[in-house]
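Please open the model in your viewer and keep the sequence panel beside it. The stops below say what to select next and what is there.

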Amino acid sequence: MIKKFLEFIQNIKKEDRLAIIYHTDADGVCSSVIAAKSLELMSIKPVFVFTQGAGNITITEKTIKQLAKKNITKIIILDLAVDSDPKPIKKIEEFAEILVVDHHIISNDLNSKRTTMIKSQNISEIDPSQYCASKLIYDLFLQIKDISSFNWISAIGIIGDFGIKTWKSFLDSVAQSNPEKLKILFEAEELVTYAHMCDGEKGIEKAYQALYSAKTPSDVVENLKEYGAVRTEIEQFVENSEKIGEFREGVGLFYCEIAPKYNIKSKVSNILSTKKYAGKTVIVVQLDKKKATISARNQSGKISMDSLMRECTQGFKEANGGGHVPAAGGAIRREDVGAFKNKIIDFFSK
Ligand SMILES: [Mn+2]
């Protein structure tokens with residue numbers, strides 16, 4: 001597998017037009033920065049680096065058109081489970097060669113004459129959800145060049161993909177066991193994630209530039225400091241949760257409605273459900289212009305947030321809800337918020 005990676009990289013010629021596609025999150029953007037900077041050391045410069053936007057984990061029709069229009073001949077795809085839909089990959093193979101580096105569950109083997117697919121489960125026993133793309137691509141490029149000066153970018157991706165337990169000693173070495181340096185890595189990850197939360201694709205592209213031009217994690221914090229306002233808003237809601245919401249002790253339910261400036265409901269519910277209301281159910285309803293979007297959390301695993309959200313959004317117009325056992329989400333019309341709240345209370349009184 002590693003040999004196939006080396007082959008792909010060594011076969012990139014001067015006349016090739018290279019594109020990099022990455023997942024719209026911290027791990028995705030960090031892995032693409034590591035790839036682009038490593039290639040730069042080999043005098044290879046991609047002509048097109050982009051993300052398809054959140055929610056697109058396979059290659060879209062629009063992407064195929066863009067790649068063809070730009071006469072792309074080689075493509076590196078990072079942190080995307082593109083193997084869950086092989087059809088677009090086959091279409092791209094007609095005009096380009098593809099390298100996929102990813103750590104999501106394998107659903108199809110894309111390896112062919114034109115495509116190389118490397119998943120962390122192919123090269124390691126480590127839990128693939130932990131062996132994130134930014135660590136994987138870092139380890140792969142290390143086989144070719146000494147890119148150890150990019151280790152901190154890999155560390156930010158690891159933090160973003162919740163891999164800190166598995167890579168504790170790696171993070172310690174990056175931060176030279178200095179808690180202050182470690183703190184800056186976490187701060188950089190936070191701002192990358194907030195950039196995405198506030199400005200979507202544009203934000204993550206800004207984060208790409210910030211990471212690419214940075215020499216140290218502090219530079220990233222400096223480059224993205226405008227997103228610090230998001231953190232302030234999150235902290236305000238978390239600190240004042242008792243005032244803005246209500247906690248029903250008997251059933252262990254915290255419920256609140258917020259109208260924030262930024263899209264922060266998931267982050268607020270994550271913090272509340274792991275700290276202040278650990279083991280309890282947390283429902284954060286975010287009042288947007290026309291809709292209300294909802295984030296439901298219960299980290300104990302005892303009450304399914306998927307069932308709760310499915311049941312409580314049922315019967316409303318233009319509504320949807322569902323997700324996983326510990327975390328789910330949904331959306332309803334603003335005028336239905338009152339009725340939705342009653343349904344939630346009924347759910348717990350059964
Ligand atoms: Mn990832």
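**A bent helix**

Begin by selecting residues 179-213, helix H9, whose end C-alpha atoms are only 24 Å apart, whereas a straight helix of 35 residues would span 51 Å at 1.5 Å a residue; the expected span is 1.5 Å times one less than the number of residues, and helices (H or I, at least four residues) and strands (E, at least two) are DSSP runs, numbered from the N terminus. This is a predicted model, in which local features need pLDDT of at least 70 and side-chain atom pairs count only at pLDDT 80 or more, while totals for chains, interfaces and linings use all residues. Residues are numbered from 1 along each chain as its sequence is written, and side-chain values use heavy atoms, with hydrogens and water left out.

Where does H9 bend? Centre on Asp-199, where H9 bends by about 150°, the bend being the angle between axes fitted to the seven residues ending there and the seven starting there. Then go to the N-terminal end of H9, which is capped by Asn-178 through a side-chain oxygen 2.9 Å from the backbone nitrogen of Glu-180; a polar contact of this kind is a pair of N or O atoms within 3.5 Å, where within protein one must be able to donate a hydrogen and the other to accept it, and residues adjacent in sequence count only if both atoms are side-chain atoms.

**Domains and core**

Next, colour the chain by its two domains, domain 1 (2-223) and domain 2 (239-349), with bounds that come from an automatic or database domain assignment. Their C-alpha centres lie 33 Å apart.

Now select Ile-9, Leu-39, Ile-76, Trp-152, Leu-185, Val-192 and Leu-211, which have the most contacts inside the largest nonpolar core, a set of 71 residues. Such a core consists of buried Ala, Val, Leu, Ile, Met, Phe, Trp, Tyr and Cys residues joined through side-chain atoms within 4.5 Å; buried means under 20% relative accessible area, exposed over 50%, and partly exposed in between (1.4 Å probe, protein chains only). H9 gives the largest share of this core, 12 residues. Domain 1 and domain 2 both give residues to the core, so it lies between them.

**The manganese site**

Select the manganese ion, which is coordinated by Asp-27 (OD), Asp-79 (OD), His-103 (NE2) and Asp-161 (OD) at 2.1 to 2.3 Å; donors are N, O and S atoms within 2.8 Å of the metal (3.2 Å for Na, K and Ca), and since water is not among the atoms, sites may look incomplete. Asp-27 lies in helix H2 (residues 26-41) and Asp-161 in the loop between helix H7 (151-160) and helix H8 (168-174), so the pair ties together parts that are 134 residues apart in sequence. Asp-27 is buried, with a relative accessible area of 0%, and Asp-161 is buried at 16%. Asp-79, in the loop between strand E3 (74-78) and helix H4 (86-93), counts as buried at 1% relative accessibility.

**Along H2**

Follow H2 from its start, where a side-chain oxygen of Asp-25 reaches to within 3.3 Å of the backbone nitrogen of Asp-27. In H2, 14 of the 16 residues are buried, and Ser-43, which follows the helix, has a positive phi near 60°.

**A last stop in H14**

Finally, select Asp-306 in helix H14 (residues 305-313): a polar atom of the Asp-306 side chain lies 2.8 Å from the backbone nitrogen of Gly-323.
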